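Hello,

Here is the structure we discussed handing over. Please look through it before reading the notes below.

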Amino acid sequence: MTSAKQLANNNYGYGSAIFGVLGIIIIAISENLQSILNPRSAVFLKFLDSLGWVYKGPKALVAEVKPSPLLPFTDGSILSMLVLFGGYLSALAILYGLWAEYRNEDSLLLSAGLICGIFGFCIIHSATGFGIMLLCSGLVTWLRSIRKIS
């Protein structure tokens with residue numbers, strides 16, 4: 001009878017679960033706010049102005065032509081950046097979960113991280129999330145079958 005390989009520390013499993021939960025929270029809030037707020041409104045800019053973080057230069061006596069900013073600071077752009085950041089966290093959760101599976105960590109945390117990461121992508125785009133789910137399930141099944149063989 002062969003002995004099972006000892007489980008590794010759950011460092012990557014914890015990271016996967018934390019990144020997955022944070023990714024879902026950020027994506028869900030920003031997607032919900034995108035449907036509520038006018039993308040050209042300035043709610044975030046007014047909030048930053050109330051904190052004193054918006055620079056108001058001196059009024060020029062002569063009209064000036066300034067180039068448009070590289071990234072317009074509107075509610076729509078902030079919420080789009082938040083969706084991208086949530087997608088980044090979801091991708092990290094998936095990668096950490098797969099690496100934890102490769103290291104043979106406890107499957108509870110890495111499964112939660114994988115599911116949360118996949119669900120984050122499902123919120124952004126359902127077909128992409130479904131494709132990532134199929135890919136991850138295939139990779140996890142392959143990694144577990146290799147472990148049983150050796």
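The notes below go from the overall fold to individual side chains.

This is a predicted model. The protein chain has 5 helices and 0 strands, and its pattern along the sequence reads α-α-α-α-α.

Of the 150 residues in the protein chain, 30% are buried. The accessible surface is about 10,500 Å², and carbon and sulfur atoms hold 69% of that area. Among the contacts with a separation of 6 or more, 84% are between residues 24 or more positions apart.

Salt bridges: a search of the whole structure gives 2.

- Arg144 and Glu101 pair through their side chains, at 3.1 Å from N to O. This pair links distant parts of the chain: Arg144 belongs to helix α5 (residues 126-149) and Glu101 to helix α3 (residues 75-102), 43 residues apart. Glu101 counts as buried because its relative accessibility is 2%, under the 20% cut-off. Arg144, at 33% relative accessible area, is partly exposed.
- Arg103 and Glu105 form a salt bridge between their side chains, with an N to O distance of 2.7 Å. Glu105 is buried, with a relative accessible area of 3%, whereas Arg103 is partly exposed at 26%.

As background, side chains of opposite charge can pair when their charged atoms come close.

Aromatic rings: the count is 4 aromatic pairs. Ring pairs join Tyr12, Phe19 and Tyr96 into a cluster.

Regards

Terms used. Residues are numbered from 1 along each chain as its sequence is written. This is a predicted model: local features need pLDDT of at least 70, side-chain atom pairs count only at pLDDT 80 or more; totals for chains, interfaces and linings use all residues. Side-chain values use heavy atoms; hydrogens and water are left out. Rings of Phe, Tyr and Trp (its six-membered ring) pair if their centres lie within 6.5 Å; planes under 30 degrees apart count as stacked, over 60 as edge-to-face and the rest as tilted. Helices (H or I, at least four residues) and strands (E, at least two) are DSSP runs, numbered from the N terminus. Buried means under 20% relative accessible area, exposed over 50%, partly exposed in between (1.4 Å probe, protein chains only). Contact means heavy atoms within 4.5 Å. Accessible areas come from the Shrake-Rupley method with a 1.4 Å probe; for residues, only the protein chains shown count as cover. A salt bridge is a side-chain nitrogen of Lys or Arg within 4 Å of a carboxyl oxygen of Asp or Glu.
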